[in-house]
Amino acid sequence: MATILLGLGMVLTMEGLVLALAPSRIEDILEFIRSLPVETRRALGLAAMAFGVLLIWLAETFAG
């Protein structure tokens with residue numbers, strides 16, 4: 001449970017940082033994502049998820 005809370009806190013911190021430092025760039029990024037085909041967005045999402053799982057596994061392996 002601590003790992004989930006840590007991960008959620010880190011995600012919210014990073015997203016908040018992006019919104020605080022570059023709010024106008026968010027619109028450009030969203031427009032770029034809208035322009036991508038659905039299959040590309042899905043592949044990027046799956047790759048990001050796999051990378052996140054790898055990072056969690058590494059953190060648990062080396063911390064625990």
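The model is a predicted one: local features need pLDDT of at least 70 and side-chain atom pairs count only at pLDDT 80 or more, while totals for chains, interfaces and linings use all residues. Residues are numbered from 1 along each chain as its sequence is written, and side-chain values use heavy atoms, with hydrogens and water left out.

**The pocket**

- Rolling a probe the size of a water molecule over the atoms shows where empty space is left.
- On a 1 Å grid over the protein atoms alone, a pocket is an open set of points where a 1.4 Å probe fits, with protein on both sides within 12 Å along at least five of seven lines.
- The lining (residues with an atom within 4 Å of a point) consists of Thr 3, Leu 6, Gly 7, Leu 8, Met 10, Val 11, Gly 52, Leu 55, Ile 56, Ala 59, Glu 60 and Ala 63.
- Helix 1 (2-21) and helix 3 (38-63) are the elements that give two or more residues to this lining.
- Eight of the lining residues are nonpolar, three are polar and one is charged; here Ala, Val, Leu, Ile, Met, Phe, Trp, Tyr, Cys and Pro count as nonpolar, Asp, Glu, Lys and Arg as charged, and the others, Gly among them, as polar.

**Overall build**

- The protein has three helices and zero strands, where helices (H or I, at least four residues) and strands (E, at least two) are DSSP runs, numbered from the N terminus.
- Read from the N terminus on, the elements run α-α-α.
- The radius of gyration is 15 Å, whereas a compact globule of 64 residues would have one near 11 Å; the radius is taken over C-alpha atoms, and the globule rule is 2.2 Å times the number of residues to the power 0.38.
- Along its principal axes, the C-alpha trace spans about 40 × 30 × 15 Å.
- Of the 64 residues, 2% count as buried; buried means under 20% relative accessible area, exposed over 50%, and partly exposed in between (1.4 Å probe, protein chains only).

**Helix 1**

- The end C-alpha atoms of helix 1 are 28 Å apart, which agrees with the 28 Å that its 20 residues should span at 1.5 Å a residue; the expected span is 1.5 Å times one less than the number of residues.
- Zero of the 20 residues of helix 1 are buried, so this helix lies largely in the open.
- Gly 9 has its place in helix 1 and is partly exposed at 30% relative accessibility.

- Side chains of opposite charge can pair when their charged atoms come close.
- The structure holds two salt bridges, each a side-chain nitrogen of Lys or Arg within 4 Å of a carboxyl oxygen of Asp or Glu.
- Arg 25 and Asp 28 meet in a salt bridge at 3.5 Å, N to O; they are about one helical turn apart because they sit three residues apart in helix 2 (residues 23-35).
- Arg 25 is partly exposed at 48% relative accessibility, and Asp 28 is partly exposed at 44%.
- Arg 34 forms a salt bridge with Glu 31, with the closest N and O atoms 3.1 Å apart; these two are also three residues apart in helix 2, so about one helical turn separates them.
- Arg 34 is exposed at 55% relative accessibility, while Glu 31 is partly exposed at 47%.
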